[in-house]
Amino acid sequence: LNSDILNIGASGQGWVRIEDGGRVTAERSDLGFQSYEIGMVEVLGAGSTWDVNSQLRIGVDGYGGMSIEDGGRVTSAVAGVGTASTGAGSVSVVGADSVWSNTGIMTLGGQEAGPGTGTASLGIFDGGLVESGNVVVWGGAELRGNATLRTGMLTMWGTVRPGNSIG
């Protein structure tokens, strides 16, 4: 599937599962754009990929969730989780060879310009990997897990969950 703009949960609820080596490519994607919207994506299994060429936003004013498991892979250029005032976003990257690779800035609980009042959670577990050029974790956000966050620069105002170190 190729799309210029892929909005999941537009005007209600939406759910996408990419599995069995499936591939989805979009120029830009929003999950849970408006306050009443819920958008969810699962990328499951080796060879399953979701490529977002520019901006990926998870929980803009609504709720967005993304799960990458069992060798799934997501790529993006710029990413935000829980970006606006009523936004809530949750991302989990679980298992060896499960990767979210973001080339630019990734913001959690706000935007690049500053903090929001949204909430965000990024969990990296059991060999999962999140890599990003820069990561900004605002006050309403948390990092949790036992796997790897690789970044050129981490700016942290949020929380690292006790007992769940990010390596």
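## Two loop residues with positive phi

In this predicted model, Asp97 sits in the loop between β10 and β11 (99-108), and its phi is positive, at about 70°, although Asp97 is not a glycine. With a relative accessibility of 63%, which lies over the 50% cut-off, Asp97 counts as exposed.

Asp20 is a second case, placed in the loop between β2 (13-19) and β3. Its phi is also positive, at about 55°, and Asp20 is likewise not a glycine, while its relative accessibility of 77% makes Asp20 count as exposed.

## A buried glutamate without a salt bridge

Glu37 belongs to the loop between β3 (23-31) and β4 (38-44). Glu37 is buried yet forms no salt bridge, since the nearest side chain of opposite charge, that of Arg57, is 9.2 Å away, whereas the cut-off for a salt bridge is 4 Å.

What lies by the polar atoms of the Glu37 side chain is backbone nitrogen: that of Ser11 is 2.7 Å from one polar atom of this side chain, and that of Gln34 is 2.9 Å from a polar atom of the side chain. Leaving aside residues up to four places away in sequence, Glu37 touches Gly9, Ala10, Ser11, Gly12, Gly32, Gly62 and Tyr63.

## An enclosed strand and its two partners

Strand β14 (residues 119-125) has five of its seven residues buried, and it is therefore largely enclosed by the rest of the structure. Strand β10 (residues 88-94) runs parallel to β14 and is joined to it by seven bridges, with Val91 having Leu122 of β14 as its bridge partner.

β14 also pairs with strand β16 (residues 141-145), again in the parallel sense, over five bridges.

## The chain as a whole

The protein chain contains 18 strands and zero helices. Its radius of gyration is 14 Å, close to the 15 Å that the globule rule gives for 167 residues, so the chain is as compact as a globular protein of that length. Along the principal axes, the C-alpha trace spans about 35 × 35 × 25 Å.

Of the 167 residues in the protein chain, 51% are buried.

How values were computed
Residues numbered from 1 in each chain as written. Predicted model: local features only at pLDDT ≥ 70, side-chain atom pairs only at ≥ 80, totals over all residues. Heavy atoms only, no water. Helix = DSSP H or I, 4+ residues; strand = E, 2+ residues; numbered from the N terminus. Buried < 20%, exposed > 50% of the residue type's maximum accessible area, 1.4 Å probe, protein only. Lys, Arg positive; Asp, Glu negative; His and termini not counted. Polar contact = N/O pair within 3.5 Å; in protein donor to acceptor, adjacent residues only side chain to side chain. Contact = heavy atoms within 4.5 Å. Pairing = 2+ DSSP bridges. Rg over C-alpha atoms; globule rule 2.2 N^0.38 Å.
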